[in-house]
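Hi,

Here is the structure I said I would pass on.

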Amino acid sequence: MNLTAMHFLTRLLAIIGLSAIAVSVAPIALGATKPLPPNYTIVTTCGMVTDIVREVAGDKAKVIGLMGEGVDPHLYKPTRDDVVKILKADVVFYSGLMLEGRMTDTFLKVSRKGTPVFAVTELLDEKFLLEPEEFQGHTDPHVWMDVAGWMEAVKVVVRSLSDLDAANAAYYQKNAERYLTELQKLDSYAKQALASIPTERRVLITAHDAFNYFGRAYGIEVKGIQGISTESEAGVADINKLVDFIVAKKIPAIFVESSVSDKNIKALIEGGKARGHNVRIGGQLFSDAMGKPGTYEGTYIGMIDHNVTTIARALGGQAPERGLNGKLTAAK
Amino acid sequence: MNWSELDTWIVITGVLICAACALPGAFLMLNRQSMLGDGISHAVLPGLAIAFLLTNSREVLPMVIGAVAAGVLTAVLTQMVQRLGQVESGAALGVVFCALFALGLILIRVASDKVDLDADCVLYGSIETAVVDVGRVPRVALISGGLLLVNILLTLLFYKELRIAAFDPALATTLGFNADAIRLGLTVVASVTTVLAFESVGSILVIAMLVVPAAAASLLTHRLHWLLLFALGFAALSAVLGHIGAVTLPQTIGRWFGQSDLGATSSAAMMAVAAGGLFLVAWLVAAIRGWTKSNPVKPIETTMSPASHR
């Protein structure tokens with residue numbers, strides 16, 4: 001071994017030594033279960049979870065939602081500040097069923113370190129959940145599309161908060177009852193509005209497979225162009241089959257989503273045009289994220305109201321232009 | 001900013017993982033295979049799909065095993081295409097990873113379209129969340145440290161062989177060892193490093209660290225051991241500057257535009273940006289040295305240029 005190589009070796013060994021020292025210092029402190037302080041903090045993931053937690057927690061807690069409007073929760077990458085918020089949170093609620101992808105690992109670890117962590121979908125009955133036939137256990141996560149499913153989620157929130165903060169349990173119960181009544185109204189409105197669409201036109205065609213629960217709950221056939229995974233691509237055969245379907249059934253409108261690209265939808269419209277059937281874009285639906293914070297569409301109720309009203313009106317059903325509560329932004 | 005233990009661990013893990021990638025990255029650059037990491041980030045898809053079809057699970061372990069297998073396959077196939085097809089190494093990699101990625105898309109479309117199975121969802125970790133762990137030391141820091149250690153040991157053990165295989169394969173044959181075998185070994189090690197690093201910190205940081213520190217170092221020196229040390233140094237510095245930048249820059253820049261509530265941005269991405277910044281600095285230093293000195297650092301000559309016997 002020559003002199004240069006010797007030097008090289010000593011330097012590298014020094015680096016190894018330094019990294020070993022670095023690894024052995026300053027571990028992240030382990031948290032322990034503690035009683036909730038007044039005005040405690042709740043961290044939530046996607047907007048749909050944030051909204052129901054806010055409704056139930058009322059003014060007793062500060063609710064911080066990590067994902068904003070138009071964010072695809074499958075692909076969301078948390079930043080350092082998000083992780084700090086999760087670590088400092090007194091309670092964490094997430095959606096679950098793998099909606100948050102690998103962030104789920106982080107929630108499990110935070111939970112093992114002592115922070116109460118809940119998946120709002122954890123109480124749903126197995127019979128309620130949709131699984132692809134070939135792959136048992138890999139559940140479709142888009143449960144909020146069926147209002148009845150999200151009502152179960154509200155029950156998880158109210159039960160968890162009442163357990164953790166027994167002093168305010170009655171307050172949470174009252175909030176939840178009021179909110180569940182509103183959701184019940186929303187559910188009836190959705191059933192009624194979508195049932196007013198002529199039977200043969202009760203078909204919802206969208207960009208990706210997010211509306212299966214919606215379809216089951218409100219009796220509307222759902223066809224997504226691409227699969228659940230965002231990596232999946234629609235083939236030419238898929239597009240042609242859908243165009244045949246649209247032309248044969250004279251479907252008047254198909255829909256784009258706020259968090260998914262609409263290039264496949266445009267291909268369908270062009271395909272229909274070439275066959276002499278004009279199908280139009282019936283509107284933009286909210287699938288994995290809600291509208292702008294502060295607007296009606298930025299709440300869970302507003303989001304579903306918007307979807308239901310848009311679909312019903314575009315497919316020839318009866319629904320008031322401003323929706324259930326008369327608060328929707330009028331269609332352009 | 002409020003520095004916390006979280007930041008300390010992000011920086012430690014970042015330094016370890018960046019250095020672990022920069023070391024094989026330097027040799028890949030000398031062999032003109034810098035884009036191997038980028039290729040692998042696409043080529044893992046069929047590995048994920050097959051692992052899912054065999055185990056019906058999206059847990060991390062089967063996903064990593066499938067991805068490692070696909071990564072090693074990429075390295076082996078690339079070498080084969082390069083040898084048999086007599087094409088340049090970048091072109092061989094292009095052929096292989098595109099074919100594998102397309103195979104992955106077909107597998108997903110045919111077999112598992114009802115399950116969310118993209119690399120972003122089931123494989124790529126993120127450095128910010130990976131350091132949150134139950135134990136005293138986060139698992140990701142141990143993995144990164146282990147990777148760095150193994151790569152340093154392999155470099156020391158095969159230093160002479162790697163150098164000769166990169167600069168003068170003909171001499172390797174004369175000395176009685178197979179340059180192709182060494183280069184295959186290098187790409188296999190680099191593939192495994194890449195996939196394990198993907199699992200820990202996501203794709204963009206890893207791809208950047210395989211390429212940029214080595215490229216920056218090559219502007220400043222043409223001695224191999226200095227090249228490796230510079231690359232390690234640049235990698236470590238990128239990790240430190242990157243994380244600090246991710247936490248402080250959005251606020252600073254936001255203030256210029258009258259927004260004060262901007263939070264931190266992605267640390268992994270800022271580490272890659274910092275590496276780019278360091279490359280720019282290295283280039284400026286090299287350029288100034290070129291103007292002021294009579295013997296500037298010449299570009300490194302590699303196997304692809306004929307007559308590099310010195």
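**Confidence first**

In chain A, helix H1 (residues 3-24) has the lowest confidence, with a mean of 54, while H6(A) has the highest, at 96. The scale here is pLDDT, the predictor's confidence in each residue, running from 0 to 100. Helices (H or I, at least four residues) and strands (E, at least two) are DSSP runs, numbered from the N terminus.

Some housekeeping: this is a predicted model, where local features need pLDDT of at least 70, side-chain atom pairs count only at pLDDT 80 or more, and totals for chains, interfaces and linings use all residues. Residues are numbered from 1 along each chain as its sequence is written, and chains are lettered from A and ligands numbered from 1 in the order in which they are written.

For the model, the scores are ipTM 0.77 and pTM 0.79. Chain A has an average pLDDT of 84, with 84% of its residues at 70 or above. By contact I mean two residues whose C-beta atoms, placed from the backbone, lie within 7 Å. Chain B has a mean pLDDT of 88, and 92% of its residues reach 70 or more. In chain B, residues 303-310 have pLDDT below 50, and that stretch has eight contacts in the model beyond near neighbours in sequence.

**Chain A**

Chain A contains ten helices and eight strands. Of its 332 residues, 48% are buried. The burial classes go by other C-beta atoms within 10 Å of a residue's own, with C-beta atoms placed from the backbone: buried is 20 or more, exposed is 12 or fewer, and partly exposed is in between. Looking at contacts in chain A between residues at least 6 apart in sequence, 65% join residues at least 24 apart.

The chain splits into domain 1 (40-189) and domain 2 (198-314); these bounds come from an automatic or database domain assignment. Taken over C-alpha atoms, the centres of domain 1 and domain 2 of chain A are 26 Å apart. In the contact between them, domain 1 of chain A contributes 26 residues and domain 2 of chain A contributes 24 residues. On the domain 1 side, helix H2 (47-57), helix H5 (147-164) and helix H6 (169-195) of chain A each supply at least two of the touching residues. The residues on that side of domain 1 of chain A are 15 nonpolar, five polar and six charged. For those classes, Ala, Val, Leu, Ile, Met, Phe, Trp, Tyr, Cys and Pro count as nonpolar, Asp, Glu, Lys and Arg as charged, and the others, Gly among them, as polar.

One backbone detail: A:Leu97 has a positive phi, near 60°, and is not a glycine. A:Leu97 sits in the loop between strand S3 (91-94) and helix H4 (103-112) of chain A. With 19 other C-beta atoms within 10 Å, A:Leu97 is partly exposed.

**Chain B**

Chain B has 13 helices and zero strands. Its radius of gyration is 20 Å, close to the 19 Å that the globule rule gives for 310 residues, so chain B is as compact as a globular protein of that length. That radius is taken over C-alpha atoms, and the rule is 2.2 Å times the number of residues to the power 0.38. The C-alpha trace of chain B spans about 60 × 55 × 35 Å along its principal axes. Buried residues are 51% of the 310 in chain B.

Helix H3 (residues 60-85) of chain B is worth a look. Its 26 residues reach 36 Å from first C-alpha to last, close to the 38 Å expected at 1.5 Å a residue; the expected span is 1.5 Å times one less than the number of residues. Buried residues in H3(B) include B:Met63, B:Gly66, B:Ala70 and B:Thr74. Among the elements covering the buried residues of H3(B) are helix H2 (36-55) and helix H10 (179-201) of chain B.

After H3(B) comes B:Gln86, with a positive phi near 55°. B:Gln86 lies in the loop between H3 and H4 of chain B and is exposed, with 8 other C-beta atoms within 10 Å.

Cheers
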